[in-house]
Every structure is written in C-alpha cells, then in structure tokens.
Amino acid sequence: MLRCFLALSLVAILLPAQASAQRSKKKDQDFIKTAPVVGDSLPVVEVHTPDGKPFSTSELRGHYTVLVFGCLT
Amino acid sequence: LRNVSGLEAVHRDYAPLGVKIYFVYKSLAHPELEGDYIQPFTLEERLAHARQAEQQLGASIPWLVDPMDNRLKHALGDRPNSEYVIDPQGVIVRKRPWSNPETLRSDLEELVGPVAKTTRPEDVDLPVQPPLPAAAEKGVTQRVMRAGMFALRAAPQIDKKGPPFFAKLRAEADLNLIDEGHGRMYLGFHLDPFHGAHWNNLTKPLRFRLEAPPEVKLSQSSWEAPQLSAAKDSDPREFLIEVKQWPADAAVRLVVDYFACTDEVCHTVRQAYTLRRERDKDAGAARSAGFRGLTPQQMFAKLMEGDKNGDGQLVPEELDSIMRPRFTDHDSSQDGVLDREEIQEMARQLARPLQP
C-alpha cells in the first residue's frame, strides 16, 4: 500500500500531465463511454497530410492503424 | 505531446509488421507553451505547425492534420492526447484518453503478435530540434496575469490577399463575463513565431478599437499599447478590459492596427476580428501563460495575495481556480495547507521558463 502510494506520489511529482489525468478521471471515463466506442467503425473524416494533400480516414483499412492526437504544445 | 520516444520505439518495431501509426495534428492544447506557439488561423499555418512538429520531435511517425474546423478532434472525443487502435476492417479496437506507448505495445503484441527484438524508448535517439525562436527578445514587458480566464470566440476576418496575421489575437474572459455578461476580458496580441516578425518600438505602438452595438457597455472603445524603450521586442501586447454589459447575442468587432517588422522591412497591418461572448472550447488553455515573465519572488507575492486570513499559509480556497487543481501536487507534506516553503517551491516551479 505504502509502496503504491509512494509510486503515485513520484508520478505526481515527475509527470504533471499524468497527475492531471488522475484528477480528471471522470472526464477520462466519460471519454471511453462516448461514441465512437470500441467496436464502432472509425468515422470517415477528410483530413490532410502535412503537405496539404487531402486524406480520408476511410483509407485506413487493410492494416492495423494507431492514431495519436498531439500538437506542438 | 509526451512519450514520443516510447511511441517511436513501438513504431519502429511494428511498422515492419504492417502497423501504421499516425500523429494527428490538432488545435493547440496549451498555446504559448513550448516555444511560444499560438493557435494557427489558417490551414496553411496549421500545416506548417505539423511540419515543424515533424522536425522538432524528430520522430519518423507520419502526421495527419485536422482541418481548421477541428472535425477529427470533434469526431473522436475532443481530447488532447488520446489514442485509438483500429483494426484492418476499420473498426476501433482500443481507445484511451491518454496515449501510452507501453499499453499500446501490449495491445499490438496481443493483436498482431510479439516482435523478435523490442526497441526500448531509451535506445531511440530522436534528432530533436529546438522550437522556433521568437524574432526578437522576450521578457521586456511585464506579462498580464489571466488566471481563471477562458478562451472566447474570436473569429479573424481573413483576407486571402492581405498580409498574414503576424500578430494573432487571443481573447479570454472570466466566467462572470462568459456566464453573466459583465466581467473582465483579456485581449492579447501575440506574435506568431512562424511569421518571423517583431515589434519595432520606434514606430507607433499597436492600437485597436472595439466596435459594438450600444447595448454593449465598455469603459472605453479604443486602446493603445505603451511605447517601450527597447528598440524591438516580441512580447505580446496585452490588455485587461472591464466589460460592464455584453448581451449574449451581441457580436463585437475588433479592428487592430500595428507594424509587423523584420530587421529589413515593416509591414503596416490592419486586421479585424469578430468577438462573441462564448467559450471557444477548441482554443486550448494557455495555462500559466501569464506567469512566465515573473520572477519566483513576484510569483510568490502573487500567490500570497490569496492569503485572505494573513496566516502566511495557503489552503485550496485561497488559490484561484487555475492554481487550485495544482494544490495537491505542491502540498508535499500532505497536510492540507501550503506552508511558506511549499509556496516558495511552487512559485519557483511556476516562474521558471517552460521551454526545454
């Protein structure tokens, strides 16, 4: 128990983003329950490649795909 | 974006097995952090952000870019760093609110199979690049504090033939203004490092006016930035405005005039925005942005302003709504109060530059 607590404290100090994730646990749980959920099809959305070419998420077939959201900040 | 090395390690191991990993470039989660990046206004600018992210992070994972209406972010749950695994039929098989390379690796081991040799994140030597520099010195002016404020809708009026938005408006308001129609509004004109311009303080300072219908009541209608003694700088031009009355359906037009300069040339710029008394939930949170110009001593003094009972300590209720969630992180002794030492440490952490 103590070890678990210490590990958590360490995470809170070292990784503020993880700590904020702990705080917004409900938001995270809501996210999991919000459509599209596991088992749903990936919505078809028209996006771009960095050189500006159009790219449709419908092209993401025939292989496993991982999408990770991010930005410069 | 965190854990880039971890994700790159998974990418290197699973790309040969046909797994395609993409980063999705979305609206900024925390504008003004990590290199003074601010929200892009046009798709071209967002594409430039994504290309900068490729360079800066040094990862070989390709990027996709969400259009300016943030449609993919909206379609997939509006989170800053979420992660989805999609099977070859296009069906979502994993979904998590925060990307986690270790968990992703175990997912792929289960779905695709284990790899012969696992690349460890510490073995991934990413050719990272520094963030884009500001065109001139920063920290010349005192920044405006805007804790407890949220982004307002401020639509730039984009003229495709006109100059770029060298300086971009960031509009924020406190909850009194957003909810009740009277309160404080923050207007900050931030130079976009992608356009390489600075302020030339030998020219006329930035000025702007607000054009509002009569039912909107402001203390004044035009403002001008102070004339600075430094010849040039890249600090934002920031204003705190008291709004006495702003009915929910009234739009306010802002017209700004400024000179955006490089060392060779100054551009005379007039640009306009339409402001609405509405939260912009895609604009991100410029968390602690206003603290960067402060020294730890100034930050300490700022925090101690909340010490209502004057006992030299702070309880959560004495912190503002932006600081309050950080309380437990800083209460090292876990006794429910921040003592002098803990407040000093908090001030030191908040005041330090956030750039790597």
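**Around one phenylalanine**

K168(B) lies over the face of F41(B), at 5.2 Å from the ring centre; a charge counts as over a ring if NZ of Lys or CZ of Arg is within 6 Å of the ring centre and within 35 degrees of the ring normal. This is a predicted model, in which local features need pLDDT of at least 70, side-chain atom pairs count only at pLDDT 80 or more, and totals for chains, interfaces and linings use all residues. Residues are numbered from 1 along each chain as its sequence is written, chains are lettered from A and ligands numbered from 1 in the order in which they are written, and side-chain values use heavy atoms, leaving out hydrogens and water.

Over all chains there are 13 aromatic pairs (rings of Phe, Tyr and Trp, the last by its six-membered ring, with centres within 6.5 Å; planes under 30 degrees apart are stacked, over 60 edge-to-face, the rest tilted). The rings of F41(B) and F165(B) have centres 5.2 Å apart and planes at 70°, so this pair is edge-to-face. Both residues are buried (under 20% relative accessible area; exposed is over 50%, partly exposed in between, with a 1.4 Å probe and protein chains only). F41(B) also forms an edge-to-face pair with Y273(B), 6.0 Å centre to centre with 80° between the planes. Y273(B) counts as buried because its relative accessibility is 0%.

Another group of rings, F189(B), F208(B), W223(B) and F239(B), forms one aromatic cluster.
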